[in-house]
Amino acid sequence: LEELPSLSASPDPASVRLTVFGPSDAAFAALPPSAWHDAAELRSLLRLHICVGELPDPRPSGGGDMLSLIGHSHRLSRRTDGVGLIGIGNAGVAAAPFAFRCGTLYPIDSVLWGLELVTPCRSERG
């Protein structure tokens, strides 16, 4: 991860805290087969799930934002459906988070999407 500008700019990249949103196996299984063919797009999709910094508590304001390693802003929201603790973009936190050496991993119920990762439809390609 040190090759990423947001981490390499830090005087001590090892001290940077990360928030990782980890989709479930079922969420990855639901991806279309074409999602696995382009290595660069898959790498971007995975980096979309990693944010620099700690997850802010969404309760005081009802939301917030986190910026992914590829520069996509994820909207945080409170969950009222009982499925998870918070919402992040199009996903919900599906289980309790757990700490790892560099930050915290939040299991989520679907793969996050950024508009820059969506492949145009045939009609848009011309």
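## Exercises on a predicted model

T104 is buried, at a relative accessible area of 12%. Buried means under 20% relative accessible area, exposed means over 50%, and partly exposed lies in between (1.4 Å probe, protein chains only).

This is a predicted model, where local features need pLDDT of at least 70, side-chain atom pairs count only at pLDDT 80 or more, and totals for chains, interfaces and linings use all residues. Residues are numbered from 1 along each chain as its sequence is written, and side-chain values use heavy atoms, with hydrogens and water left out.

**Exercise 1. Find the place of T104 and list its contacts beyond four places in sequence.**

Solution. Start with the element. T104 sits in strand 8. Strands are DSSP runs of E with at least two residues, helices are runs of H or I with at least four, and both are numbered from the N terminus. Next, the contacts. A contact means heavy atoms within 4.5 Å. With neighbours within four places set aside, T104 touches L18, T19, V20, E54, P97, F98 and A99.

**Exercise 2. Describe the overall make-up of the protein.**

Solution. Count the elements. There are four helices and eight strands. Now read along the sequence. The pattern is α-β-α-α-β-β-β-β-β-β-β-α. Then turn to burial. The protein has 126 residues, of which 37% count as buried. Take the surface next. Last, look at contact range. Among contacts between residues at least 6 apart in sequence, 48% join residues at least 24 apart.

**Exercise 3. Work out the strand order of the open sheet and name its edges.**

Solution. Follow the pairing. Two strands pair if DSSP finds at least two bridges between them. Four strands form the open sheet, in the order 2-1-8-7, with mixed pairing. Now the edges. Strand 2 (50–52) and strand 7 (98–100) each pair on one side only. On average it is 25 degrees, direction ignored. The axes are lines fitted to C-alpha atoms, and angles run from 0 to 180 degrees between N-to-C directions. Zoom in on one pair. Strand 7 and strand 8 (residues 103–108) run antiparallel and share three bridges. Here F98 stands opposite L105 of strand 8.

**Exercise 4. How many salt bridges are there, and which parts of the chain does each link?**

Solution. Begin with the idea. Side chains of opposite charge can pair when their charged atoms come close. Apply the rule. A salt bridge is a side-chain nitrogen of Lys or Arg within 4 Å of a carboxyl oxygen of Asp or Glu. The count is two.

- E54 with R17: the closest N and O atoms are 2.9 Å apart. E54 lies in the loop between strand 2 and strand 3 (63–67), and R17 in the loop between helix 1 (5–8) and strand 1 (18–23), 37 residues apart. E54 is partly exposed at 41%. R17 is partly exposed at 34%.
- D65 with R75: the closest N and O atoms are 3.4 Å apart. D65 belongs to strand 3 and R75 to strand 4 (residues 73–78), 10 residues apart. D65 is partly exposed at 45%. R75 is partly exposed at 48%.

**Exercise 5. Is S68 buried or exposed, and what does it touch?**

Solution. Locate it. S68 is in the loop between strand 3 and strand 4. Read its accessibility. At 5%, S68 counts as buried. List the partners. Beyond four places in sequence, S68 is in contact with R47, L48, I50, C51 and H74.

**Exercise 6. Classify the aromatic pair of F28 and W36.**

Solution. Recall what describes a pair. Two values do: the distance of the centres and the angle of the planes. Rings of Phe, Tyr and Trp (its six-membered ring) pair if their centres lie within 6.5 Å; planes under 30 degrees apart are stacked, over 60 edge-to-face, and the rest tilted. The structure holds two such pairs. F28 and W36 are 6.2 Å centre to centre with 50 degrees between the planes, so this pair is tilted. F28 is partly exposed at 22%. W36 is partly exposed at 43%.

**Exercise 7. Compare the separation of S15 and R101 in sequence and in space.**

Solution. S15 is in the loop between helix 1 and strand 1. Its relative accessible area is 46%, so S15 is partly exposed. Now give both separations. S15 and R101 are 86 residues apart in sequence, and 9.9 Å apart in space, C-alpha to C-alpha.
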